[in-house]
Amino acid sequence: MIKCIAIDDEPLALKQIASYISKVPYLELVASCKSADEAEKVLKTNSIDAMFVDINMPDMNGLDFVKSLGQAPIVVFTTAYSEYAVDGYKVNAVDYLMKPFGPEELKEAADKVKKQFDLRSAAISNIDDDCVFIKTEHKIVRVNIGDITYVEAMSEYLRIHIENQQKSIVVLLSMKKMEERLPASRFMRIHRSHIINLKKIKEATKSFVTLNDGVELPIGDLYKENFMAYINSKFMSK
């Protein structure tokens with residue numbers, strides 16, 4: 001199942017899109033949100049694969065909300081204003097639904113979401129606890145998990161940095177999926193855009209982590225408490 005959310009400040013429009021989503025067998029609607037703030041709270045506590053987002057909303061519009069996420073779930077924009085179409089595709093939306101739209105149009109958009117979801121799901125697969133296969137540049141590469149130093153989000157792609165390897169691996173995958181695949185005992189997400197190998201930490205402050213290769217990465221506010229709890233659990237004192 002593809003877990004999704006719908007975001008629209010108009011209650012009737014939100015109810016309608018929720019009804020259309022319920023008719024698509026491979027979509028699971030996790031939440032209906034009236035604002036970007038509501039949606040952000042859902043994204044923090046749930047693994048969401050796709051979003052149906054209205055562009056014209058108060059406080060923060062849909063375009064700005066998606067841009068603020070760094071690496072967003074798969075996005076379908078909905079709006080009554082056609083002039084936003086080009087901007088929608090600039091943030092890698094898979095489709096753009098013009099209001100009013102019916103269940104057929106939503107199903108067509110959902111099919112595009114599923115195609116993208118299937119591509120992301122096929123990009124990486126677990127072999128065992130020590131390695132993974134990653135699909136990149138039309139080939140499948142075996143990567144030892146212990147050799148991964150950190151993972152970096154780039155729009156809808158990830159860049160996987162490998163120890164003693166100058167060229168990183170670029171893969172079509174979400175941070176959520178990568179986080180789920182890597183063992184939590186060895187890897188931790190410290191930022192919206194970064195997952196690190198805990199064994200590669202050289203130094204750490206409350207705001208930054210320095211890895212063995214000298215790369216310095218920021219610690220996001222949402223992840224700070226979890227990271228410091230890990231550091232404190234390893235801390236040696238008198």
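Ten salt bridges are counted in this predicted model, a salt bridge being a side-chain nitrogen of Lys or Arg within 4 Å of a carboxyl oxygen of Asp or Glu. Side chains of opposite charge can pair when their charged atoms come close.

The structure is a predicted model, in which local features need pLDDT of at least 70 and side-chain atom pairs count only at pLDDT 80 or more, while totals for chains, interfaces and linings use all residues. Residues are numbered from 1 along each chain as its sequence is written, and side-chain values use heavy atoms, with hydrogens and water left out.

**Salt bridges**

| Pair | Closest N and O atoms |
|---|---|
| Lys99 and Asp8 | 2.7 Å |
| Glu179 and Arg189 | 3.4 Å |
| Asp221 and Lys224 | 3.4 Å |

Lys99 forms a salt bridge with Asp8. Lys99 lies in the loop between β5 and α5 and Asp8 in the loop between β1 (2–7) and α1 (11–22), so the pair ties together parts that are 91 residues apart in sequence. Helices (H or I, at least four residues) and strands (E, at least two) are DSSP runs, numbered from the N terminus. Asp8 is buried, at 4% relative accessibility; buried means under 20% relative accessible area, exposed over 50%, and partly exposed in between (1.4 Å probe, protein chains only).

Glu179 forms a salt bridge with Arg189. This pair links distant parts of the chain, with Glu179 in helix α6 (residues 175–181) and Arg189 in strand β12 (residues 187–191), ten residues apart. Glu179 is partly exposed at 34% relative accessibility, whereas Arg189 is buried at 10%.

The pair of Asp221 and Lys224 lies within helix α7 (residues 221–234), where the two residues are three residues apart, about one turn of the helix. Asp221 is exposed, with a relative accessible area of 68%, and Lys224 is partly exposed at 24% relative accessibility. Elsewhere, salt bridges that share partners join Asp8, Asp54 and Lys99 into one network.

**Backbone features**

Lys99 also takes part in a cis peptide bond: the bond from Lys99 to Pro100 has omega near -5°. Pro100 lies in the loop between β5 (95–98) and α5 (103–121).

Two residues other than glycine have positive phi values. Phi of Asp59 is near 70°, and Asp59 is found in the loop between β3 (50–54) and α3 (62–68). Asp59 counts as exposed at 81% relative accessibility. For Asn164, phi is about 60°; this residue belongs to the loop between β10 (157–162) and β11 (169–172). Asn164 is likewise exposed, with a relative accessible area of 80%.

The charged end of Lys114 sits over the ring of Tyr26, 5.8 Å from its centre. A charge is taken to sit over a ring if NZ of Lys or CZ of Arg is within 6 Å of the ring centre and within 35 degrees of the ring normal.

Which residues does Asp49 touch, not counting residues up to four places away in sequence? With contact meaning heavy atoms within 4.5 Å, Asp49 touches Met1, Ile2, Lys3, Pro73, Ile74, Phe117 and Lys177. Asp49 is found in the loop between α2 (36–45) and β3 and is buried, at 9% relative accessibility.
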